[in-house]
Amino acid sequence: MSRPDVQDRVFEQGEAERQVSGLRAHLREAERLRDRGDAAGAARAEGRAREVRDDLVARLVPRFRGYARRMLPGPELAEDAVVEMGLELCRRLYVTDGRYGYFEQFFNAALKNMILDGIKKVRRENGMDETGRPATAEYTVVSLEGRSAGAEEDAAPLAERVEDPTALSLLEERLGSLLLQRLMERLPSRRHAQIVADRWNDMDWDEVKDRAGVSLRTARNYYNQAVNCLREIARTERWTE
Amino acid sequence: MTDAMERMPELEEARLRFAQEWEEGRRPTLEQYLRRYPHLGGELVDFVAEFLQMEAGAVEAPAFAREDDLALARIFAALEPAPPTLAQAREAQGWTVGELARKLNLPDLVALRLEKGALREWPAYLEQKLSELFERPLEQVRRMLLSAAPARSAGAHYRAVGKPRQAAPQARTFREALEECARQGKLTEAQRREWLPEGGPEQP
């Protein structure tokens, strides 16, 4: 149950798109007035654009914070990311030449991509690679715990060894059946499949590690190995429509 | 999907399509996207992995940031342009110094001195009038005036040897400048009533 002052969706369908269109209309009006020599009128139009911008930012900052805390280690980094996202949003909103016209059509989708860009930027600036792992100049970090846990797996086909069929079918929903099959052929253990499935199905890291019976570090390592496997498959398999 | 998307780099387009399908409640698979954009394989995997991690569970957040939210304050501070000088603000409006003086109901000379930072101790009423005239917050108007104002009230000159010698006062108070104009017959009755009434300038 959600508290009255707390909500999952920031904007009703189409509301944000209308706000962005309005903001850009004010900016274009300001430009037109300035070209006609009406500096005072231009300043008023810019003021109206600023009001819309400030309202959008004030509504989105708590949302940015929610995503940043989910994706970044530590509240300070998350706050830096919130500022980065707020500034980048304003920059994109103020571009009126059509480059970011899609914010007027698909605001939430555009916003989520922008959030991911902001998170990547903060990671890069803080000694991580874009996916959030420590930047190790291409040297691989090996988990000793992960190795011993993986050694317990037997040699039966992996898909037959997944204990939780729900997790497997949820993973298939995210990947597609052929991609899932290819992944299963390559993953070194059942835990890898379990962890990637749980993680991609709205489970937080604490639950993921508990279900897999490994430490958080190992769970993250397994997850990263699974994503590496997917990358490899995506690059090497012939994918055509 | 749209003209806007067709003009985007392909990876951006793929990311936006995926996110939009997700928003619409269709559940796109990574495999569908690999088939549609086979040459973007590794990038798509990274994007979908990050996207799903971001979407893991609803983010419940207050509808608005609190007024004392520090990140919000940092954003607004970074967006706030440095206030222009009074002369820049006037030029942006396309006014001459004389026009600014008339809008403020001040003698030309006082407006000119104000712009050049040759006045001090101006009344709060002047800040308020400028704030309305330029449609800027009072705080910004104050910074505009202060940035032009002299750091010392009357320009004391210092020499390497000997005691500081007081120079002739260069920065008058706002009131002194008006009184000087009055002595020279350059202050109208309306200006005097507004700016030099008994007990200070008229308040709106």
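How many residues of chain A are in contact with chain B? In this predicted model, local features need pLDDT of at least 70 and side-chain atom pairs count only at pLDDT 80 or more, whereas totals for chains, interfaces and linings use all residues. Residues are numbered from 1 along each chain as its sequence is written, and chains are lettered from A and ligands numbered from 1 in the order in which they are written.

Contact is made by 60 residues of chain A with 49 residues of chain B, two residues being in contact if their C-beta atoms, placed from the backbone, lie within 7 Å. Elements that give two or more residues to this side of chain A are β1 (6-7), α2 (39-71), α3 (75-93), α4 (107-125), α7 (165-175), α8 (177-186) and α11 (216-236); helices (H or I, at least four residues) and strands (E, at least two) are DSSP runs, numbered from the N terminus. With 16 residues, α2(A) provides the largest share.

Helix α3(A) comprises 19 residues and spans 27 Å from its first C-alpha to its last, close to the 27 Å expected at 1.5 Å a residue, the expected span being 1.5 Å times one less than the number of residues. Its buried residues include E79(A), D80(A), E84(A), L89(A) and L93(A); a residue is buried if 20 or more other C-beta atoms, placed from the backbone, lie within 10 Å of its own. The cover over the buried residues of α3(A) includes α1 (15-35), α2 and α4 of chain A, together with α5 (70-79) of chain B.

Chain B contains twelve helices and three strands, and buried residues make up 25% of its 204 residues.

Conventions:
Buried ≥ 20, exposed ≤ 12 C-beta atoms within 10 Å, placed from the backbone.
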